[in-house]
Amino acid sequence: MEKIVSLCKRRGFIFQSSGIYGGINGCWDFGPLGVELKRNLKDDWWYVFVQQREDIVGLDASIIMHPDVWVASGHVAEFHDMLVDCKECKHRFREDHLEGDRCPDCGGELTEPKAFNSMLKTRLGVSDESAVDTYLRPETCQAIFVDFKEVYSSSRTKVPFGIAQIGKSFRNEVNPRNFIFRSREFEQMEIEFFCKAEEEEAWFDRWQRDIWQWYLDLGLTEGKLRWYEHPKESLSHYSKRTVDVEYDFPFGWGELQGLANRGTYDLTQHTNHSGKDLKFFDQEAHESYIPTVIEPSAGADRTCLAVLCDAYCEEEVPTAKEGETETRIVMKFSPRLAPIKAAVLPLVKKDGLAEIGQELERKLRKKFNTFYDQSGAIGRRYRRMDEVGTPYCICLDYETKENETVTIRDRDTMEQIRIKMDEVADYIGQRCSHERD
Ligand code: GAP
């Protein structure tokens, strides 16, 4: 884990928020490469679960909602962690994270557990007197329930259908830890899928298959993925059944996504609290009913972390010197997720190769993310690109001027092929998109 955190900082994937002020616990910033990686991941999710499906529509709702939403959803009453304090060192812990009944840091005696609400409070309004307390949303899905009628009546969708949303959520986690795995500000990718009660099990099974397949298509190692079924007694207040997809991180198994059967809980709660009818009217059957909800809820940051952990490789490779080897660090991202798709590297700056290289890079840049590098030994430039997971390196050499060809080096096999310069964009474009699937 230390190696991954250090690479993320060194190469500008992810670093601590507010670093020059000493950092702030549980908040992280995605740098130039991290933002590309996370954006590719979110775009992939949107492409697979929204764009490619006829039964899902999107939403981008506000983060701050009416405070009554959180009363209706049950978060004000139920979204608690039970905390204990150490009487000696004063450290605070989640009771469910403790293994024994003494302080894990100093062995001291612990207090009785106290409930602590995990929502982040904020105030909305321009004067102290008129401002109201509300919360930054702890999950994106509540807006989907609140906007349910607005969406279905304006988009002519019919049950069964889903509403998808990607956005920030906030939780005042007691122990943010394991890099971006558990943070206080994070992004969720959620779908609320509305169906008839009698079809809930069939849809639950279908969603289990679909989300599992998505992780495989991202290139995650299947042996590092597993399902975890929540025992009935530890289900969230809204859930009839929950299973999680877990990934085997260097610090142990951790949840990537929850799949829950929320039944009619949320729409019923919002109907009761708002006084507005949130039933779906089935025009063919001439009946109104509150649909059942199956919810796949994934974390963008956690998936990013799984992708980073899965991609990290150290390999011993021969150097230019006979019999010597060196360690190559390579991020084997799926080409679709790689922050940079291709690097253009002229073998030398002179003889017009730099100009031809820059011209080629400008053309490729119109189609996908590229990087131009003309400084240093070619081997070192390849290594720099391996370390940030660039799947293709295009090298311009002495033949380029003779016959307008370049070599393309594959990041994983390190093999090179020679192709015409005007075929490069298609060659790389196809391999870095869903076109190839
Ligand atoms: N709407 C249901 C819901 O929010 P959850 O299991 O609490 O369910 C769903 O959260 C996903 O959000 C998790 O599987 C995880 O990927 C992500 N997530 C939750 N808390 C997180 C945190 N503190 N830091 C990073 N990701 C988090």
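The side chain of Gln 188 places an N or O atom 3.0 Å from an oxygen atom of the ligand. This pair counts as a polar contact, defined as two N or O atoms within 3.5 Å; within protein, one must be able to donate a hydrogen and the other to accept it, and residues adjacent in sequence count only if both atoms are side-chain atoms. The model is predicted, so local features need pLDDT of at least 70 and side-chain atom pairs count only at pLDDT 80 or more, while totals for chains, interfaces and linings use all residues. Residues are numbered from 1 along each chain as its sequence is written, and side-chain values use heavy atoms, with hydrogens and water left out.

A polar side-chain atom of Glu 295 is 2.9 Å from a ligand nitrogen, and a backbone N or O atom of Phe 181 lies 3.3 Å from a nitrogen atom of the ligand. The protein buries 91% of the 560 Å² that the ligand exposes when taken alone; these accessible areas come from the Shrake-Rupley method with a 1.4 Å probe, and for residues only the protein chains shown count as cover.

The shell around the ligand comprises 21 residues, of which Glu 139, Arg 171, Ser 183, Glu 190 and Glu 255 come nearest. A residue is near a molecule or strand if one of its heavy atoms lies within 4 Å of it. The most come from S13, which gives five residues. Strands (E, at least two residues) and helices (H or I, at least four) are DSSP runs, numbered from the N terminus.

S10, S16 and S13 belong to an open sheet of seven strands with mixed pairing, in the order S3-S9-S10-S16-S13-S12-S11. Two strands are said to pair if DSSP finds at least two bridges between them. At the edges are S3 (56–59) and S11 (225–229), each of which pairs on one side only. On average, neighbouring strands of this sheet are turned by 25° against each other, direction ignored; axes are lines fitted to C-alpha atoms, for helices over the stretch in contact, and angles run from 0 to 180 degrees between N-to-C directions.

Strands of a sheet pair through backbone hydrogen bonds, either parallel or antiparallel. S3 and S9 (residues 161–170) run parallel and are joined by four bridges. Gly 58 has Ala 164 in S9 as its bridge partner, and Leu 59 stands opposite Gln 165 in S9. S9 pairs with S10 in the antiparallel sense over 10 bridges, with Phe 161 opposite Phe 194 in S10. Because nine of the 10 residues of S9 are buried, S9 is largely enclosed by the rest of the structure. Buried means under 20% relative accessible area and exposed over 50%, with partly exposed in between (1.4 Å probe, protein chains only).

A second open sheet has five strands in the order S20-S19-S21-S22-S23, again with mixed pairing. Its edge strands are S20 (370–372) and S23 (416–420), each pairing on one side only. S19 (residues 342–346) runs parallel to S20 with three bridges between them, and Val 344 has Tyr 372 in S20 as its bridge partner. S22 and S23 form a hairpin with five residues between them, and Met 414 in the turn has a positive phi of about 65°.

Asp 101 lies in the loop between strands S5 (92–94) and S6 (114–117). With a relative accessible area of 65%, Asp 101 is exposed. Asp 101 and Arg 10 are 91 residues apart in sequence and 40 Å apart in space, C-alpha to C-alpha.

In total, the protein has 13 helices and 23 strands. Of its 437 residues, 49% are buried. The C-alpha atoms fill a box of roughly 75 × 65 × 50 Å along the principal axes.
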